[in-house]
Each structure stands twice: as structure tokens, then as C-alpha cells.
Amino acid sequence: MKLWISKNSEVPVAEQLTTQVMLAINSGELKPNEKLPSTRELARRFALHSNTVNAAYRDLARRGWLHFRKGSGVYVRGLALAVPLDGQLQLDQLISAFIKMAREHGFTLAEIRSRVKGWLDFQPPDHFLVIEPDSELRKILLAEIYEATGFPVQGIGLDACKDPVVLAGAAAVAMYGRADELKAVLPLDVSCFMLRSRSSAELDKLQMSVCSGPAVAVVSRWPDFLRWARAILLARGMEAAQLSFRDAREKHWQKGLRSCVAVTDVVTAAQLPGRLPPAASQNHRRVFSAGIAAVRRSVSWKH
């Protein structure tokens, strides 16, 4: 994993570190149980005080992203949802009873396998169900998933997960960092696609294309999008004077954008004024998406 630190940035160094590590975990750049550089190594690499690095690591551990192994180091915490063993055993018993009944009626295993596969193939979910408590992020994910798949998509918060009617016929999807919260509220027999965000390395093209060009406007209705983009872009050495951060929930946020390169989410992109300068040579707008890359990797069916 690559890290960028700017000591002259308005964003504290500890926040630069935590933001980049969280995004690397979310995007899959850092894998579960992967070891991170030691506090001493990072402090030496960037000429930082070891307390700064240690504070960032402990903050991430407290928030559930990392964990310390005594005498070994700091590791990425695995957040994948797991189905409890008793749920698996119950399913195995149901399958066993079904196969036994079918065999007693004279059907071969090959016939049973063929017919079960046929039933499963023709019983796809009715829709995707985005489970996300942050309403602004939920809107972004709804738009991204529909754009990537063309499949019907709905969204709910965590509280609604307890209602089996809401989950019926749905393929549940959520951001990777929500795994522990979902495990606590989803029924045992409901699985969930875990989405990963794009890696921060995708900002390399943006940085190269605008290093000596027009100002960059980061625009979104999602506050965390603005906060993460600020931390990462400044950590990578972009000048604060070249960057503008716009909350699209505020009035007159579009003012002056025609002369800027826009970095935004897919929902806000539709509201940008036309003919913005490209942030990459093939695009009229640079849209930095929160989850679309993972959706395209995970989903194989279309409506």
C-alpha cells in the first residue's frame, strides 16, 4: 500500500493516515489479516513522531478497522459477514431431508442436481436492496448500482433490516465497512454482497492531468466524500489553493464550476453545469464513484 503525507496540509497528519488506510481496506487494496507497517517504520519513512502514527493506528483499531496482535504488529481486521455454524447445520438438515425424499421416489442424484440447478437459475432476486444508514451515501449507491447493472434497486437503513417483508426477494448489498453492523441486524439466512469503494490510487490520473491546469472542485451532497477527498488530495501534495470543496446541499453550489475540473459522485454529476473541463482526456467530467467498481465485479445478472 502506498501512503502520501503532506506536513504542510490543513488536514492533520493522523487524519491523512486514517483516511488512506480506511479507503485502502474498503477498496480491497489492503486485505483482511494483512500486516501494516510498524509504527516505527512509518514514523521513520515520513519523518513523523511515533506518537502520531500510533494515535492513527489506535483510532482505526477503536473504530474496528485494525487490530493489534501482541508481539506481532498491526493487522487489517477481517469484516466479512459469517453465517453461524448452527444456521449451516439447519440448512444441511433440510437439504438432506429433501434428497432422501427424492431418492425414495426413485430420482437419481443427477436428476435431482439438474432440477435444483434449474430452479435456482430461474429464481433470481427481484431487486437489489442497498442497506446504508447514511441517506446521502445511500442515494449515491442506488444510482451507481442501477447505472452499472440496469437492475431494480431500493434502499433502506439498518432498522428496516429486522422486517422480513422488506428483505423478501431482494439481493442485499452494503459497503464493506458495515459488515459488523449488518451481522447484528440481518436474519441468519440472509446473505449480503459487500461492496468495495474505488482505491485512492485512481486519483493518480486526476492529479497528473490537473497539476498545472485549472482549479479542481470537489462536489458532493455526502459530507464524508468531501472530507475523504480533502484528506487524500492534500496528502498527495496538491495545493490547497487549487482545490475547492462544495456541499451540493447548499445554495449556489454550482457558481463558478464552469471553469473548474469537477470531482464528484454520480448523483451530483447529473446536476453539474455543462461543458466542464475534463479531468481526464476522455471525460468531460471526472466522476469519482464510491462503489461502482465493486458492483461490476460482484454482479453477473441483468434485469
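## Strand β3 and its partners

In β5, Ala170 is the bridge partner of His127. This is a predicted model. The pairing belongs to β3 and strand β5 (residues 170-175), which run in the parallel sense over four bridges. Strand β4 (residues 153-156) is also joined to β3 by four bridges, and these two run parallel. Here Ile131 has Ile156 of β4 as its bridge partner.

Strand β3 spans residues 127-131 and is mostly covered, with five of its five residues buried. His127, Leu129 and Ile131 point one way from the strand. Phe128 and Val130 point the other way, and they too are buried. In a regular strand, side chains alternate between the two faces of the sheet.

## Nonpolar cores

The largest nonpolar core holds 40 residues. Leu17, Ile25, Leu66, Ile131 and Leu182 touch the most other members. Helix α1 supplies the largest share of this core, seven residues.

Which residues does Ile131 contact, leaving aside its neighbours within four places in sequence? They are Ile156, Gly157, Leu158, Cys161, Ala172, Val173, Ala174, Leu182 and Leu186. A second core of 26 residues is separate, and its members include Leu137, Phe151, Trp222 and Ala229.

## Packing of α1 and α10

Helix α1 (residues 13-27) packs on helix α10 (residues 223-235) at an angle of about 110°. Their axes are 9 Å apart. An angle of 65 to 115 degrees counts as roughly perpendicular, so α1 and α10 are roughly perpendicular to each other.

From α1, the contact takes in Glu15, Gln16, Thr19, Gln20, Met22, Leu23 and Asn26. From α10 come Arg227, Trp228, Ala231, Ile232 and Ala235. By class, the contact of α1 with α10 has six nonpolar, four polar and two charged residues.

## The β1-β2 hairpin

Strand β1 (residues 66-69) pairs with strand β2 (residues 73-76) in the antiparallel sense, over four bridges. Arg69 stands opposite Gly73 of β2. Three residues lie between the strands of this hairpin. Gly71 takes a positive phi there, near 75°.

## Thr268 in α11

Thr268 sits in helix α11 (residues 266-269). Is Thr268 buried or exposed? Its relative accessible area is 1%, so Thr268 is buried; the cut-off for buried is under 20%. Leaving aside its neighbours within four places in sequence, Thr268 is in contact with Val219, Ser220, Arg221, Ala248 and Trp253.

How values were computed
Residues are numbered from 1 along each chain as its sequence is written. This is a predicted model: local features need pLDDT of at least 70, side-chain atom pairs count only at pLDDT 80 or more; totals for chains, interfaces and linings use all residues. Side-chain values use heavy atoms; hydrogens and water are left out. Two strands pair if DSSP finds at least two bridges between them. Axes are lines fitted to C-alpha atoms, for helices over the stretch in contact, and angles run from 0 to 180 degrees between N-to-C directions. Angles under 35 degrees count as roughly parallel, over 145 as roughly antiparallel, 65 to 115 as roughly perpendicular and the rest as oblique. Contact means heavy atoms within 4.5 Å. Ala, Val, Leu, Ile, Met, Phe, Trp, Tyr, Cys and Pro count as nonpolar, Asp, Glu, Lys and Arg as charged, and the others, Gly among them, as polar. Buried means under 20% relative accessible area, exposed over 50%, partly exposed in between (1.4 Å probe, protein chains only). A nonpolar core is a set of buried Ala, Val, Leu, Ile, Met, Phe, Trp, Tyr and Cys residues joined through side-chain atoms within 4.5 Å.
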